[in-house]
Amino acid sequence: MIPVHAAVSQATLVNDSLVAIYSAMFIYALAFIFFTYDLAKRMSEARQLAAAPIAEAVSVKRAGQLQATTAVLERPSGPPPPGFEVAASRPKRSLSARLGMIFTVMAWLLHVGGTVFRGLAAGRVPWANMFEFTLTATAIIIGVFLIIQFWQDLQFLGAYVTGFVLVFLGVATTNFYVDVIPLPPALQSYWLVVHVFVASLGTGFYGLGAGLSVVQLVQARREARGLGAVRAVPTAEKLEALAYRLIVVGFVFWTFTLIAGSIWAEHAWGRYWGWDTKEVWTFIVWVIFAGYIHARATRGWRGSRSATLAIIGFSAVLFNFTIVNLYFHGLHSYSGL
Amino acid sequence: MASDKPSSKALNTDPKRPSDHFDAPVTEVTNPRLGLVGYLRFFWRQLTSMRTALFLLLLVAFAAVPGSLVPQQTSDPNGVIQYKADNPGWSKVLDFLGVFNTYSSVWFSAIYILLFISLIGCIIPRTMHHIAALRTPPPKTPARLDRLPGYLRTEDATVDDEDVADGVGAARDLLRGSGYRVRVFDGQSASAERGYLRETGNLLFHIALVGILVAVGFGGGFIWTGQKVIPVGQSFANTLSDYDSISPGRWFSPDSLEPYRLTVTKFVPVYERKNLNAYGEAIDYTAYVRASVPGQKTTNETIKVNSPLRIGDTDVYLLSNGVAPVVTVRNPAGKVVYTQPIPFLPQDANLTSEGVIKVPDGLAKQIGMLGFFYPTECSPSTCAAAPVSVDPSFTNPVLTLQVYTGDLGLNSGKPVNAYSLDTDKLKLLAGFGSKTPGLTLRPGQTVKLPDGLGTIELDKVIRYVGLDIHHDPTQFWVLSFAVLVFLGLVTGLFIPRRRVWIKAVRRGGKVHYEYAGLARGEDPRLDDAVAEIARKHSQLLGLNMKP
């Protein structure tokens, strides 16, 4: 029989894990509110800027951006030159965005803690079913989002990232939750550690890249209409470059996931590739993002078209994770539901 | 101009035009006449263009979708049968389109074969170009570096020609030391390029993808897979006749089977007993086998779900397991007419199992029995009215049988499924629906068969393992190419290819050095790289950078 204290401590850990996750969700919600407020303010400022370009030019001059002012004065109604908006508004950061960041960091620490507790409770890596995979993948998304802040201000993406993670944590805790149970024989492999973790890394990078692509599309439309750019949001071109760099990393992880998954499939199921539904969708995602990378090298496909591909690709990732896991029949039936 | 309607008339009729204005006669664009070779070249160009490749790539993704929505013959044959039964009309359309075999269908194959032809048409010229580039020294230093990315310069300095030669020499050494290929022009500038590996990796990635396709395409014919159910204690010899079923590839030859022998000595399933949320769930399966390869010592091996046994050019996987009741049937005189373990198919996680016992000879009539086995039967008083197994271990094992008689069809010579009994043409002797109740047996018990046909004894219940034996020579090649794909991808994406120039510029008796770079492909760190080189070089020469 299992020692009583061990059983108790497992139950405690599971409980602690959930408490940490629920607290994280609450704080993510606060962060989301602040980020959204910040975004709304930026949008209204941009609208005012579009309405009164000269006045904005003067205020920009106060900020000490002489060169930029000249540019705006020369072309008061035209789109600002590339890269200018960032430089002009860099020094000013809104309080709400900063609060959003602080809350995100706090929530993330709890989120990681809750995920680690879950792993300790199970005595293995915390990504063996849909609930745990969601915990880990969303923690990675936030982690990457926070790390990128060190060299690139991505606060404008805060609402998207925290909103996305909040929704998925909500679905995970209410719909995906399963008790800690031992692994079935097919999952008892070190490939579980490698294959699934790298898949969640890839998901995280794709998710951020797709988020940037969404903002890129918005920004490109504003630029095309000659509307003022949103404060502290890079130009569509910069966003595209940034999205590309994240997605390329995601693509490398995804390629590794496919290869590692094939090796594992050979060990567990006797064949490295069998067009199982999950294999098919992982392949589809790989091909879409391969298409995205090629689109960026194809004339006429840079910009909004490739951004759309990135968004379609990430939608396929989400489809693969939710619909395929829950409703499609296949060998990857490890949702635990 | 644009407002004018094109007209072939030479005379100007527009009053806004000067009197001597002359509109060039508009003629239809005539394409050159293309002969057969011309058309072939035209289609080749179209096929190998990036736009077509991108289109085909996205088409592959799109075409792969239906195969995930509809069960596939290869991965889920039972699902296909079920689907066809559920959607008789619609499935005829799907069958015609080959959707149940999406990934070997004509249309899917056509798309990916076109894609790979397009890919090869892209790889060949790029490889030639890259080989030429590898042999070409860096290009001439541009006249004006200040128009290029990352431009930086030092302060003016008063130095003589010898110092300039030294400065450019230092530039050459610095760039070489940083992994650049360097060429000095007129002793005044160093032109450098690095990152040829980027294109090498890119080509490697694409060539290795072709390699995977070729390995699967050509090696696929050598793959064969066989299945064998082995009750514990019994043996399997790797010969064609000993397989339950085998799917041979195109180039399969029965002579190629290496005649090794496997004896299953023990099978140990482990069920969870501590965690009440998963009580009774299987957490480990281990099959212990004695393997004898001709000419080698007999060895004891284990086969587990994630660790197949590699033996004699084959891989042996433990993919299923179940229970096999061992029954003995005797005629009224007490003579044994039938005794063997019969593998039953598991129906649920608690190993409620279903099976068929056929006794064609030795009794007054042929009998067939439809059996259910419950490893831990729950009595109807505590569980449901129908018998049910509540645990996969043999805690309260019960075998129930319905007995039929009639022609079992075993003498017609046609192959008959051992796991099913066609009861339509048989007469029910005992069991649900007849006056005589069905038979119920526990291990060690013997009961009488109906109609005084004899007796049946349940000796014991053993376990069996379901082994899949595969021979797949493509594995090694596909894995090797996959590793190359990955290496090619990483080098092709992350190694920056860039050119850097360092140039001594004389102006009014003074000299300063200029630095600039040029990215070839994505290179977000170009400016930093040029700045780093400029910093090192200016420090070497003791010059200050101009802010």
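I call a residue buried under 20% relative accessible area, exposed over 50% and partly exposed in between (1.4 Å probe, protein chains only). By that rule I looked up Glu162(B), which counts as exposed at 61% relative accessibility.

**Ground rules**

I am working on a predicted model, where local features need pLDDT of at least 70, side-chain atom pairs count only at pLDDT 80 or more, and totals for chains, interfaces and linings use all residues.

**Entry: chain A**

I took helices (H or I, at least four residues) and strands (E, at least two) as DSSP runs, numbered from the N terminus. Chain A has 11 helices and zero strands. Of its 337 residues, 57% count as buried.

**Entry: the acidic patch on chain B**

I returned to Glu162(B). It sits in helix H7 (residues 161–177) of chain B. Which residues form the negative surface patch? I found Asp160(B), Glu162(B), Asp163(B) and Asp166(B). Patch residues have over 30% relative accessible area and no salt bridge; like charges are joined within 9 Å, and nonpolar side chains (Val, Leu, Ile, Met, Phe, Trp, Tyr) within 5 Å. Accessible areas come from the Shrake-Rupley method with a 1.4 Å probe, and for residues only the protein chains shown count as cover. Asp and Glu count as negative, Lys and Arg as positive; His and the chain ends are not counted. The place of a charge is taken as CG of Asp, CD of Glu, NZ of Lys or CZ of Arg.

**Entry: an open sheet in chain B**

I counted two strands as paired if DSSP finds at least two bridges between them. One open sheet of chain B has five strands in the order S1-S24-S23-S3-S2, with antiparallel pairing. Strand S1 (152–153) and strand S2 (181–185) are its edge strands, each pairing on one side only. Two bridges join S1(B) to strand S24 (residues 510–519). Arg153(B) stands opposite Glu514(B) in S24(B).

I followed the antiparallel pairings from S5(B) onward. Strand S5 (residues 235–237) pairs with strand S7 (residues 261–271) over three bridges. Ser235(B) stands opposite Thr263(B) in S7(B). S7(B) is also joined to strand S8 (residues 282–292), by 10 bridges in the antiparallel sense. There Thr263(B) stands opposite Arg290(B) in S8(B). S8(B) pairs antiparallel with strand S9 (residues 299–304) over six bridges. Ala287(B) stands opposite Ile303(B) in S9(B). The hairpin of S8(B) and S9(B) has six residues between the strands, and Gly295(B) takes a positive phi near 85 degrees.

**Entry: salt bridges**

I used this cut-off: a side-chain nitrogen of Lys or Arg within 4 Å of a carboxyl oxygen of Asp or Glu.

I looked at Arg302(A) and Glu522(B), whose closest N and O atoms are 3.5 Å apart. This pair crosses between chains, from the loop between helix H10 (277–295) and helix H11 (304–327) of chain A to the loop between S24 and helix H10 (526–541) of chain B. Arg302(A) is partly exposed at 47%, and Glu522(B) is partly exposed at 24%.

Next came Lys84(B) and Asp95(B), at 3.3 Å, N to O. Lys84(B) is in helix H4 (residues 77–86) and Asp95(B) in helix H5 (residues 88–97), 11 residues apart. Lys84(B) is partly exposed at 29%, as is Asp95(B) at 40%.

I then took Lys365(B) and Asp451(B), also a salt bridge, at 3.3 Å, N to O. Lys365(B) lies in the loop between strand S14 (353–359) and strand S15 (367–374), and Asp451(B) in the loop between strand S21 (446–448) and strand S22 (455–471), so the pair ties together parts 86 residues apart in sequence. Lys365(B) is partly exposed at 34%.

Shared partners join Glu240(A), Arg296(A), Arg302(A) and Glu522(B) into one network of salt bridges.

**Entry: positive phi outside glycine**

I noted Asp451(B) again: its phi is near 60 degrees, positive in a residue other than glycine. Asp451(B) is exposed, at 51%. Asp313(B) has a positive phi near 65 degrees. It lies in the loop between strand S10 (309–311) and strand S11 (314–330) of chain B. Asp313(B) is exposed, at 62%.

Definitions and conventions:
Residues numbered from 1 in each chain as written. Chains lettered and ligands numbered in written order. Heavy atoms only, no water.
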